[in-house]
Amino acid sequence: MSKAPVKSNDSPTKIHYPFWFGGSASCFAATVTHPLDLITFTAYLAKVRLQTQSHEGPRKNMTGMASHIIKSDGVRGLYRGLSASIMRQLTYSTTRFGVYEKMKELVSTGKEPPSFMTLVAMASTSGFLGGIAGTPADIINVRMQNDMSLPTAERRNYKNAVDGLLRMVREEGYSSLVRGVWPNSARAVLMTASQLASYDIFKVQILQCTTLGDGLSTHFLASFLAGFVATTVCSPMDVIKTRVMSAKTNEGIFSMMTRITAAEGFGWMWKGWVPSFMRLGPHTIATFIFLEQHKKIYRQLYYKD
């Protein structure tokens, strides 16, 4: 448990937030947005599957996919894979948010906020570490969400995230836990740099250039813009990461990129941008709002005037 901070009578108190706040906020956000995340992700993967295979089949939009999931598995089906999503946030997001916030504390002087390039460098470093830490859970998350887009005979049917990890090790060996670690880490660098750094920049600009205060409206607007930037920047790596982790063969990254480009042109880099934003946008907004509320409650508990 974190110790209560000690206030100084001689200078303004420098607040040190707990390392786990980012992971906790991300878990709350994942719980809230998981049904939308599952529906859009599954609809996108089903579309990709139909586009890249020779057989014909009915295409489902997001409404159709939601109806299909509920009809097949009931309302509980909308939370399929939630355990993997929570595990991913506990590893990936706790690491990237925690390292980023601690690095910001180290470089902050109290007078001037870190520069944009400094924020990007710190976010990139924390994202890389988070990507490595979260890769096993990310693989399970992708596979459990991907199951709904596959024919019944091809589904893995993991019971939960822990069962998925154990089966991966038993059926595919320990090396399977780091499959796609490099594209996943590269994507995490892009995600964290574009999401966390841009949120801080947007928040500062909103506070300086508008009459909005440091409240819910500012947090919502800054996180919405951060989600837009992050989706655009991460789209190419997101496509690669998803295809690598859901594949049943160990095709190299560059080989896969070459094959996809030859078959689909460079437009593959932004295929699925809309469903990606519909997944990432709400999650980004919810994450930062929950994070700001974590910080607000912490200040109220330990920094009372």
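**Ground rules.** I number residues from 1 along each chain as its sequence is written, and I leave out hydrogens and water, using heavy atoms for side-chain values. Because the model is predicted, local features need pLDDT of at least 70 and side-chain atom pairs count only at pLDDT 80 or more, while totals for chains, interfaces and linings use all residues.

**Entry 1: salt bridges.** I searched the whole structure and found nine salt bridges. The term means a side-chain nitrogen of Lys or Arg within 4 Å of a carboxyl oxygen of Asp or Glu. Side chains of opposite charge can pair when their charged atoms come close.

**Entry 2: K104.** I looked up K104 and E101. They form a salt bridge, with 3.7 Å between the closest N and O atoms. Both sit in helix α3 (residues 82–107), three residues apart, about one turn of the helix. Helices here are DSSP runs (H or I, at least four residues), numbered from the N terminus.

Which side chain meets K104 in a salt bridge at 3.0 Å, N to O? I found D200. D200 lies in helix α6 (residues 181–209) and K104 in helix α3, so this pair ties together parts 96 residues apart in sequence. Both D200 and K104 are buried. K104 has 15% relative accessibility; buried means under 20% relative accessible area, exposed over 50%, and partly exposed in between (1.4 Å probe, protein chains only). I also noted a network of salt bridges that links E101, K104, D200 and K295.

**Entry 3: E172 and R143.** Their side chains meet in a salt bridge at 2.8 Å, N to O. This pair links distant parts of the chain, 29 residues apart: E172 is in helix α5 (residues 161–172) and R143 in helix α4 (residues 116–146). R143 is buried, at 1%.

**Entry 4: T287.** I placed T287 in helix α9 (residues 273–302). T287 is buried, with a relative accessible area of 4%. Leaving aside residues up to four places away in sequence, T287 touches A25, S26, A29 and F97. Contact means heavy atoms within 4.5 Å.

**Entry 5: α4 and α6.** Two packed helices are described by the angle between their axes and the distance between the axes. The axes of α4 and α6 come within 6 Å and cross at roughly 140 degrees. Axes are lines fitted to C-alpha atoms, for helices over the stretch in contact, and angles run from 0 to 180 degrees between N-to-C directions.

Conventions: Helix = DSSP H or I, 4+ residues; strand = E, 2+ residues; numbered from the N terminus.
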